[in-house]
Protein chains: 2
Amino acid sequence: MSALPKLDYIFHPESVAIVGASDGVGSMGSMFLKPFLTQGFKGPVYLVHKKKTEVMGMKCYPSLKDIPGPVDYVIVAISAFNTPDLMKECVEKGVKVCTFFSAGFSESGSEEGIKLEHKIVEIAKTNGVRIVGPNSMGIYCPSSGLYLSSGLSSRTGHLGIVCQSGGNAIYLSRISEMRGVAISKAVSYGNGCDINESDLLEYFAEDRETKVIVVYIEGIKDGKRFFSALKKAADSKPTIILKGGKTEIGAATAASHTGALSGSTNSWNAIIKQAGAIQVNDLDELIDVSLAFLYISPPKGRRVSIMGVGGGVSVLSADSLLSSNLSLPPLSDEVKKKLQRRRHNPGYIYTNPIDTLDLFKGMDEFRNTIEVLAQWDEIDILIPHLAYDIMGIDPEIWIDSGLTRNIVNVMVDCIKRIKKPVAIVLHYASLPKTYQAFSEELRICCEGGIAVFLSMEAAGNALDKFIGYHEMRS
Amino acid sequence: MSALPKLDYIFHPESVAIVGASDGVGSMGSMFLKPFLTQGFKGPVYLVHKKKTEVMGMKCYPSLKDIPGPVDYVIVAISAFNTPDLMKECVEKGVKVCTFFSAGFSESGSEEGIKLEHKIVEIAKTNGVRIVGPNSMGIYCPSSGLYLSSGLSSRTGHLGIVCQSGGNAIYLSRISEMRGVAISKAVSYGNGCDINESDLLEYFAEDRETKVIVVYIEGIKDGKRFFSALKKAADSKPTIILKGGKTEIGAATAASHTGALSGSTNSWNAIIKQAGAIQVNDLDELIDVSLAFLYISPPKGRRVSIMGVGGGVSVLSADSLLSSNLSLPPLSDEVKKKLQRRRHNPGYIYTNPIDTLDLFKGMDEFRNTIEVLAQWDEIDILIPHLAYDIMGIDPEIWIDSGLTRNIVNVMVDCIKRIKKPVAIVLHYASLPKTYQAFSEELRICCEGGIAVFLSMEAAGNALDKFIGYHEMRS
């Protein structure tokens, strides 16, 4: 077994101090201390505050050096002006990593901010202390009990997140969890003054816990090194990237957000393609494509079969998949026979997509349809789908009768016994009446280890990129 | 005042019969009878069933002719084979309109189904009975107490819906309501064997209640007449159209769904453009674009200002709007002065978009920012936005403290007093923890008569089409 990657120690501190934690709603105490209190951490957690003696019921030390034991990891949430002094204290205390929530550095564009950032980097580099940030939310590593914010899952998994924006890092972490994907480590690295996107890509390339890497990046400082790190990552595992600040103004916003130099869209597209990474266009797509890699076995081709309830949704679903370079072979005579033998109901659509209308009469035919399609060797991937809001039926009837729950249970049960690659589409339910069933049933599918997409368009797009990745490498 | 449009009487029957209603979950009784029972209808509602004497506590008549009073409007939910006989009964009874839920006609592709459809059309045309359908959900006209299904709003409004698919018609009706848009009339016309898309477009063109028309169409039978009807509609009011079955397989599915001949994508694009209608790509976009027409006063240009919380979401929002042909002028020195005078907080982004970070300290500066931007005459439209899930803050803190509610209340309150065109973006909240606040706060905005979009991409796209419409006509 090879050694752990170089940066691994930053994810596994034995003791933590939060400098600048305070009480109150929206305070640093709530954001950074709460997860340590509610989700646990194996080692000691200390608070440092110049003036306060207690925050959220915990003792505060006036400075780092007053803490009785060693401190590995410091969360910095004080004014930027005071951070050079704090960095010196960190050196004296033997701190290994500082994650800087503090902002007001190079991203501010002010001479003073830029100078301050140079100063903390200088102290860090001279003394071997590493910095995550500034202007970041730090590190999420559920196996170590480190969280970007309260309310994140303590499950550990296989998705690694490299994210320049703190808000986006938290979004990706939360939505991944909702979609059944647990995180190995996520890093919100902000201005990236010391540990940057390239360091993190190299780390995740080697990290054995991480099987898929997603990247949200606004800009880079060293293009050559970035390309090499991105290539290393993409060579080792699927690496999916969203570039923020693609437009001119987006880039100006990014500069003001994280001090990033965005580069031209064309050069970005070329870099990403050459490195073998997968480019996407929004945050949800990062998760959709990851989901395909984590939960779907690579299909042999692009031939899809869709089955679900609803005529209009079937028509639009076909349009979506075909627009994503997938094909929908017409049902073969043999398949038709196997399906039609069991019913003659007007209103059904017997093409591919199949509209399986009459589920109120029982689940046998629905189950049979999945099984017949699973055995049909002219298709490479099966997509059963369920639309909560696009129904010719009042949601009260559709849901309260337990029908959607039954459908989902049958889907999950069948899929477990199927060898063919499968994805489920639960079309997003946005009505208050349908949302609850949707979210509970999404959880049932996720717990069954199934890739669920929230629209046919999202499924088509993720499958296109997933299959394209394997085609390029075969 | 001009006369009512020719077809108006089909929306205002004085008596209704449901033929084929039955009990049980998912039954026609639940679907079609329930709204009459729960939401009321001014006239008598009768049930007809060959064998049953009672359904859902209501008396059933063995046939139409046994009904004691006149019947204007018949909902047909019996086997296709029995519909020619029923049509004859309808003629005898003096029925004016039949809406056919029954399927198994031309859309089945079978000779028998096609023959049956010809037969009912012949009886209808010879005797002046009109048919909506077959294979349709019928008519939604809240002012008359007609519903496509139970669970639809009884509010009446200004959006007219012409929809070939029943499921999609119900989706559009439900989601419009959620987005604050009430319906004048919606018609799910299925195979359109008698009353078809062209009749309905001509009707909605003249209908005074309808201010915006949305159309979901899978295919047409008479291209020339359709073009003329679409042009008439688009000349009279904004007409937004989604073509289902754009792809080859989508078209095959549409044929099987509603018997529609889809036509080539190119000819569709040309027809829609020439007619002056607005083409969109999915059901939600139909509603997004309608919302702009119904709730936003036409901006003078394409210059936008965005303000909200979150760095990453600001960067991606800028990218989305710029991709939609809108511009984001940089803050003028005067505007900067007015904003910066009030705060110097690291972490804010002082470009356009503006990231207004520190709302826990109060709403005054947030309110001031909206007011300053509203007075800035270098922008044409203002977009305050709020992301529930893309926050560097635990939703429990963010929502439970009442902060998002405060933000939304301030937005609504400010917008009421602003003359500049405004749209709000409440970025979709998909987490169980955030969904409830999101949906409640969406309702607050909608009740304030404000156009709310659920992503910056959706807002940008709708505004692009909305402004483009006015540019073409100026």
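I began with chain B, where seven strands form an open sheet of mixed pairing in the order β3-β4-β2-β1-β5-β6-β7. β3 (54-55) and β7 (130-132) of chain B are at the edges with a single partner strand each, so one side of each has no neighbour in the sheet. I took strands (E, at least two residues) and helices (H or I, at least four) as DSSP runs numbered from the N terminus, and counted two strands as paired if DSSP finds at least two bridges between them.

I note that this is a predicted model, in which local features need pLDDT of at least 70 and side-chain atom pairs count only at pLDDT 80 or more, while totals for chains, interfaces and linings use all residues. Residues are numbered from 1 along each chain as its sequence is written, and chains are lettered from A and ligands numbered from 1 in the order in which they are written.

I turned to helix α1(A), whose 12 residues reach 17 Å from first C-alpha to last, close to the 16 Å expected at 1.5 Å a residue (the expected span is 1.5 Å times one less than the number of residues). Nine of the 12 residues of α1(A) are buried, among them Met28(A), Phe32(A) and Phe36(A); buried means 20 or more other C-beta atoms within 10 Å of the residue's own, exposed 12 or fewer, and partly exposed in between, with C-beta atoms placed from the backbone. These buried residues pack against β1 (16-19), β2 (45-48), β3 (54-55) and β5 (73-76) of chain A, together with α13 (395-400) of chain B. After α1(A) comes Gly40(A), with a positive phi near 85°.

I next looked up the contact between the chains, which takes 69 residues from chain A and 70 residues from chain B, two residues being in contact if their C-beta atoms, placed from the backbone, lie within 7 Å. On the side of chain A that touches chain B, α10(A) gives the most, with 10 residues.

Last, I checked Asn135(A), in the loop between β7 (130-132) and β8 (138-140) of chain A, and it counts as buried because it has 31 C-beta neighbours inside 10 Å. The C-alpha atoms of Asn135(A) and Arg473(A), 338 residues apart along the chain, are separated by 38 Å.
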